[in-house]
Structure formats: C-alpha cells, structure tokens
Amino acid sequence: MKTNPKTFTKRKSYVPFHGPCDPCPPIGRKYYSTPPNLYVGFQPPNLPQFPPEEALKCGTLWPTFYDFYENPYKKGAGRGHG
Amino acid sequence: MWKYEKKLQYPVKVSTCNPTLAKYLMEQYGGADGELAAALRYLNQRYTIPEKVIGLLTDIGTEEFAHLEMIATMIYKLTKDATPQQLRDAGLSEHYASHDSALYYENAAGVPFTAAYIQAKGDPIADLYEDIAAEEKARATYQWLIDLSDDPDLNDSLRFLREREVVHSQRFREAVEILKEERDRKKIF
Amino acid sequence: MAKTMPIEYYQQLEEIQTADFVLVELVLYLDTHPTDAQAIEQYNQYAQYSKQLKRTFESQFGPLELGSINQIPDYWQWNRSPWPWEV
C-alpha cells in the first residue's frame, strides 16, 4: 500500500442530483465516513498512545485510529470536510 | 472453552426513557451485521484459516460477545420499566405480543436472526474480505443509530462500539497483508 | 426497594475496565505484530496491574470470574446481583 497519503480527512461528501419530479426539498450534501483504517496500512510500531482512561473513552489505544462520529445532518454539526 | 467475566467491556448509561431506541438497537443484536452475526462468523471461520490469523479471529470473535452484552444491556435498560402502552407507542407491540419485554435475536424490523447472514467460504482471502466488509457495515449501522438517537449517554457507548469496528477492520486488513506476504521476504511497513 | 451499589463499586469497576481495555487493544495488535517486544512488555505490565485491581475489587464485591476465591466462607457470591446489565 504505497499510495497512503500522510494526511487525510475522515469524512467526504457529494451532492446528489435533484430533479423537478423529486417530492422533498433537496437534502443538500450527503456525507460518508472514510475512517483512518482505510489509510494507515500495516500499523507501524511505537505509535503514540492515549493515556489509559482516554483510550477507554475513545475506544482505541492509538490516536491515529480515533474517529469521533457526529450526525452530519444535525443542526449545528460541523460540516468541515469534503 | 470460554470464561465469563462479570463486567461490561465499557460502561453503558442511558439517560432518557425512550423505548423506541430499543427497537432500533435490535439491528445490532440480531441483525445481519450485528454483534451476534459477527461473533459467530469469526469464531466459525477460525477452524479453516492459516495459523497466523487464528488468534486474531478468536480474540475479535470473543470481543464481539462483549459488544453483544453491551447492546443487550442498552435494550434491557430501555425496556425493563416500560409499560405495554409505552412499548406500543414505541412500535414494539408486535414484539410485546410474542415476547413481553424479553430480548430476542431479531433485527429492528422484527426479522429473526438466521445463519444465512454468515458466510464461510473456506478461502482465507474471501473470508477475511467478508470480515472487513462486516466491520464496515457494522460501523455504518452504528452511525445510523447515532443519527437516530438523541440520548447523549447512549451515544457515548455507541461511539465506543463504532470505534471498535474501525480497529477490528484495521486488524483484518493487516491479516490480509500477512497472508499475502511472500515467504522469506521482509515485511515493509 | 430498589437495590443500589456504592460509588466505590463504579469507580473500581471503571479502573478495571480501563486496564482491561488497554489489554484488549494490545492483544489484537500483538496478534498481527507478534515480534513487538515493547508491546509484549506493556501487555505483561497491564496484565499484572489488572490482576491486582481485580483482587481488590473481588475482596469487596465478590468474584468477577469463576476461578477467583469466594472470600465469604458461607455464601456463594457469584450468584449475587448486580449482573453487568443491571448496574
């Protein structure tokens, strides 16, 4: 896996086509997750670790894999990526 | 053999009395990409896979049972004090008619669990690719559950479970790399 | 009457969950990185630490797993509530 980029975003989006025969107002952007496991490749040794309490809260020992999820369609949710 | 530990893997708290969430959560209890399917899939595949990845399938499969217990805890907490009327309002009257507030291995639409959800091809690459797909599907399900739920404490536990899918997918991807590796050639990180 | 558990129960339980979570992560990592000596050392440290925590917890709240000593001679504590889904 040589093509792994050094930085990546964990969320992408696209705008679906909206035609005149669609009954609902357009949702706008559709979002999807692209979590770190798609990019990291074989985990290198000695990656920085969370302290134990934080590791439990985050669900992983390594910040590299941490990917907080929030409903992207909720009002006020960040729409930073993609 | 297995040993039971009298604790959850991660604390489960639920702050609002909203049995409708219990109905949604059943997708991860007895659904196609749920925790039961995951545990049974991995633990069954390990009999016919190269030695190098048997440990991983055993350990992830075992962790899935801990996740199943967390989902069961959420459903239990959301339904144990609910009256028949509250369950009816939550869309659980069909469930109540057959099960009272007992848990049952079914998905959010009430379809019973079936072994047909699980594949076992006997080909290590095919099986590991299925496992990777299963983890991504479970991750997506947790996202839709978080989208549907407005209970902050429940979402905290659901986020933990979603993150575990990310880590499991990572390990299965590494397992594929291990099985792909040419013999006598050094691993390139 | 509703049964409750003292605050120490929850505190100690979360310490155990924290230590055991580090173990779970290291186990999965070592399954695909079996020659990482540093990770093995960290695993052994946490395995020992987790055992200590569990011994303290079990002396107050009963066995976490079968094979642990039942510390009250005349009552079988394993079968006593709360079970994990009840707490």
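Visitor: Which residues does Glu135(B) touch, not counting residues up to four places away in sequence?

Guide: Two residues are taken to be in contact if their C-beta atoms, placed from the backbone, lie within 7 Å. In this predicted model, Glu135(B) touches Glu165(B), His168(B), Ser169(B) and Phe172(B), with residues up to four places away in sequence left out. Glu135(B) itself belongs to helix H6 of chain B, which covers residues 124-148.

Visitor: Is Glu135(B) buried or exposed?

Guide: A residue is called buried if 20 or more other C-beta atoms lie within 10 Å of its own. Glu135(B) counts as buried because it has 24 C-beta neighbours inside 10 Å.

Visitor: What can be said of His168(B), and where is it placed?

Guide: His168(B) is in helix H7 of chain B, residues 152-180. His168(B) is buried, since 27 other C-beta atoms lie within 10 Å. Apart from residues up to four places away in sequence, His168(B) touches Ile60(B) and Glu135(B).

Visitor: Which residues does the UniProt annotation "binding site" cover?

Guide: According to the unreviewed UniProt entry, the annotation "binding site" covers Glu35(B), Glu64(B), His67(B), Glu135(B) and His168(B). These residues are spread over 134 residues of sequence, yet they cluster in space, with a largest C-alpha distance of 12.9 Å.

Visitor: How many helices and strands does chain B have?

Guide: Chain B has seven helices and zero strands. Along the sequence, the pattern of chain B is therefore written α-α-α-α-α-α-α.

Visitor: What do the contacts in chain B tell us about separation in sequence?

Guide: Among contacts in chain B between residues at least 6 apart in sequence, 76% join residues at least 24 apart. For chain A, the corresponding share is 48%.

Visitor: Which residues have the most contacts inside the largest nonpolar core?

Guide: The general idea is a set of buried nonpolar residues joined through C-beta atoms within 7 Å. The largest nonpolar core here has 53 residues, and those with the most contacts inside it are Leu25(B), Tyr29(B), Met70(B), Ile71(B), Met74(B) and Ile75(B). The elements that give two or more residues to this core include helix H1 (52-58) of chain A, H6 and H7 of chain B, and helix H1 (7-32) of chain C. The largest share of the core, 10 residues, comes from H3(B). As for Met70(B), its contacts beyond four places in sequence are Leu8(B), Gln9(B), Tyr10(B), Val12(B), Ser157(B) and Leu161(B).

Visitor: How many residues take part where chain B meets chain A?

Guide: One may count the residues on each side, then ask which elements supply them. The contact takes 18 residues from chain B and 19 residues from chain A. On the side of chain B, H6 and H7 each supply at least two residues, and H7(B) gives the most, with 12 residues. By class, this side of chain B has six nonpolar, three polar and nine charged residues.

Visitor: How many residues of chain B are in contact with chain C?

Guide: Here 23 residues of chain B are in contact with 14 residues of chain C. H3 and H7 of chain B each supply at least two residues of that side, and H3(B) gives the most, with nine residues. The side of chain B that touches chain C divides into 11 nonpolar, three polar and nine charged residues.

How values were computed
Residues numbered from 1 in each chain as written. Chains lettered and ligands numbered in written order. Predicted model: local features only at pLDDT ≥ 70, side-chain atom pairs only at ≥ 80, totals over all residues. UniProt positions renumbered as here; feature names shortened; annotations may be inferred. Helix = DSSP H or I, 4+ residues; strand = E, 2+ residues; numbered from the N terminus. Buried ≥ 20, exposed ≤ 12 C-beta atoms within 10 Å, placed from the backbone. Nonpolar A, V, L, I, M, F, W, Y, C, P; charged D, E, K, R; others polar.
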